[in-house]
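Please find below my notes on the model you sent. I have kept them as numbered points, so that each can be read beside the coordinates.

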Amino acid sequence: MKAIFKKASLLLLGTLMSLAAAQAQNSPLDMDRFIDALMKRMTVEEKIGQLNLPVTGDITTGQAKSSDVAQKIEKGLVGGLFNLKGVDRILEVQKLAVEKSRLGIPLLFGMDVIHGYETIFPIPLGLSCTWDMAAIEQSARIAAIEASADGISWTFSPMVDISRDPRWGRVSEGSGEDPFLGGAIAQAMVLGYQGTDLKDQLHRNDEIMACVKHFALYGAGEAGRDYNTVDMSRNRMFNEYMYPYEAAVEAGVGSVMASFNEVDGIPATGNRWLMTDLLRDKWGFQGFVVTDFTGISEMVEHGVGDLQTVSALALNAGVDMDMVSEGFVGTLMKSIKEGKVRMATLNTACRRILEAKYKLGLFDNPYKYCDVNRPKRDIFTKEHRDVARKIAGESFVLLKNSAGVLPLKKQGTVAVIGPLGNTRSNMPGTWSVAARLNDYPSLYEGLKEMMAGKVNITYAKGSNLIGDAAYEERATMFGRSLNRDNRTDKELLDEALQTAAGADVIVAALGESSEMSGESSSRTELGLPDVQHTLLEALLKTGKPVVLTLFTGRPLTLTWEQEHVPAILNVWFGGSEAAYAIGDVLFGDVNPSGKLTMTFPKNVGQIPLFYNHKNTGRPLAEGKWFEKFRSNYLDVDNEPLYPFGYGLSYTTFQYSDIALSTPTLGKDGSVTAVVTVTNTGKRDGAEVVQLYIRDLVGSITRPVRELKGFNKIFLRAGESKTVSFKITPDLLRFYDYNLNYIAEPGDFDIMIGGDSQAVKTARLTLK
Ligand code: BGC
């Protein structure tokens, strides 16, 4: 590869050649000198070109080479491309930039590598339910290895938007409702993608640049409708929503993506307070900011100006790269001439993008990520798939298991029934751009393969996904059809009941299709779709044990199911190995340990419902579900169906009382809170021990509890372990009315338990 580069360089780069060699010496000074020299040679058009990120066109056919994007690349009017799949194609396109453009500046190749590349891990919401930072980091690491083997140097991940509204389809892409956990996951993912040395210069070719998104507050859209308006106090912003973005910056994330929504009345993409005052001046972010897809031109629709105005607004706000709008290439020259944008501002943005390329090592070797021998060796390997299977098993949440229905015995006949029971393309889940949609086993296929010779596995579809065919079509896009069955509902049901009649146990594979959550997939009703509910009712009437194996990208309302179905296993969308991982858990080879990271409400009217809410001046008395003139509803209580942090196991755990090393904490001191956790059941299992803290009196109102620590432990049957958490004043800090980050003296409740409600409590005083 190096040889190709040298040849190209000799022909085209002239003096840059020696500068490229200088890069190898790797110091900030070398980078500055290299980029100074390069920028001196760049025309204004070429500088603007670096800020341009067009989409590739059809990712499967990779039209980039012959499209007008190709011409723009040759003219030096493109800084990067995204969602082009295949190292051969990327190599060809990179050659255009390196060999045909005047200065031979290499392109960035980005992609939405969100939860794996071809080896797919659970959707991020599922992944977060593992509470296993090492596993999450490893999933990002493997995604980086596979993506980089196929030419990708930049991923648009992690998505860290906190959300409390399961109507919003994109909750599937995030880590749930808690900022503390979200921040830890953001850091694990950045580390997994980037490794530790991107801050300086990346020497490896199997690590890639991450992009934290969507900055900011995208998860708080009104009414859970995608792209909708966000309006929030600064206080809530900083105490409840901003931390995961900041944590990613702290971990050295190379890029940040602006969100579609407005923040304080100004679209994020044009919001200088957000992109400069906060992100760069306060948090010290050193990388570059890219817009979301057409983020700049959408500001015309937001109503803040024409394309030229909004493009200038974005650049002046601190945005560096324009994804798809072509507002920068189309208008910045004019804005510079008219004095609406300063040359220095353009230079800064251009420099930031060149710095990212430098740090990735692309000037040293633009074909660094184009080793055509790597895909075979590094993508969708047995080793990666084994890890994905293990992590998927960890992400499932056992919501109910009465009368020990689970685990199933490895004998007899098990009927898999439901529209999600035999689909390959819906297994990986939403936002799996590089997935091999037809190569992953369906649940039915996976179980059959695993249980061959032991259990007779049968299958019937039982119902379509949704009664309304047009709705089903909207919910099964992007090649993830469920092959709508044209038989009548009754015919489908009769067949299912016949299959059920021959079985000992029914595994009802129901829920959402993968595209019922994800981008632009908001829903106002969160129950099982009509025809699936009818099917489930009929299956229960057979009197056979039914395990609801629930596919979903968001919390659903399962009040009826909780009452009537003996066992519910939430499997989210578990990725390429989901079928095997579900088999591992259903048949007891893996003991479920996932814990919810988003509250499951009883009905949609309770939304937004989240564990770390405020108390209000009229809270309900504990244990009551209605009291006149309290903050409540006439028709349903305030409690969730399943609280944050909840999840069952095939074993049981008991918590001791909390022992505090001292009941008072000095300004510079620390306290240790210790509990003993015992596995009181008959199986080995893992438990996520959770620490919550409540600040009882504050200068502003404080939440009833906030997650402040967690520790996932493994306990053999009968085994006990002590778990300790160190509490320092730092852990007690919050943003006060004036946005000072402080800890206020006073009393705190320290709570430790297996979910956000089942906790032991001790009192701590901060002096
Ligand atoms: C999404 C982003 C994504 C981008 C590029 C947008 O529609 O909001 O999350 O990274 O497209 O595919």
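**Notes on the predicted model**

1. I begin with a side chain inside the protein: that of Gln 532 reaches the backbone oxygen of Leu 465 at 3.0 Å. The model is a predicted one, and the distance, like every other value in this note, should be read with that in mind. The side chain of Gln 532 also reaches the backbone nitrogen of Gly 511, here at 2.8 Å. Gln 532 itself belongs to helix H22, which covers residues 530–541, and with a relative accessibility of 0% Gln 532 counts as buried, because the cut-off for that class is under 20% relative accessible area.

2. Asn 464 may be examined next, in the loop that runs between strand E13 (456–460) and helix H20 (469–474). Its side chain reaches the backbone nitrogen of Asp 485 at 2.8 Å. Is Asn 464 buried or exposed? At 3% relative accessibility, Asn 464 counts as buried.

3. The ligand deserves a point of its own, and I would start with its location, which is the largest pocket. There are 14 residues around the ligand, and those that come nearest are Asp 112, Arg 170, Lys 213, His 214 and Asp 292. By class, the shell around the ligand divides into seven nonpolar, two polar and five charged residues.

4. The bond that joins Leu 406 and Pro 407 is cis, with omega at about -5 degrees, and Pro 407 is found in the loop between strand E11 (397–401) and strand E12 (413–417). The bond from Ile 607 to Pro 608 is likewise cis, with omega near 0 degrees; Pro 608 is found in the loop between helix H24 (578–586) and strand E17 (653–655). I list these bonds because most peptide bonds are trans.

5. Leu 217, which is not a glycine, has a positive phi near 70 degrees. Leu 217 lies in the loop between strand E5 (211–215) and helix H10 (234–241), and at 1% relative accessibility Leu 217 counts as buried.

6. Phe 380 also has a positive phi, of about 55 degrees, although it is not a glycine. Where does Phe 380 lie? Phe 380 lies in the loop between helix H17 (374–378) and helix H18 (382–395). With a relative accessible area of 14%, Phe 380 is buried, because buried means under 20%.

Terms used: Residues numbered from 1 in each chain as written. Predicted model: local features only at pLDDT ≥ 70, side-chain atom pairs only at ≥ 80, totals over all residues. Heavy atoms only, no water. Near = heavy atom within 4 Å. 1 Å grid on protein atoms, 1.4 Å probe; cavity = no way out; pocket = protein on both sides within 12 Å on 5 of 7 lines; lining within 4 Å. Sits in = over half its atoms within 2 Å of the grid points. Nonpolar A, V, L, I, M, F, W, Y, C, P; charged D, E, K, R; others polar. Helix = DSSP H or I, 4+ residues; strand = E, 2+ residues; numbered from the N terminus. Buried < 20%, exposed > 50% of the residue type's maximum accessible area, 1.4 Å probe, protein only. Polar contact = N/O pair within 3.5 Å; in protein donor to acceptor, adjacent residues only side chain to side chain.
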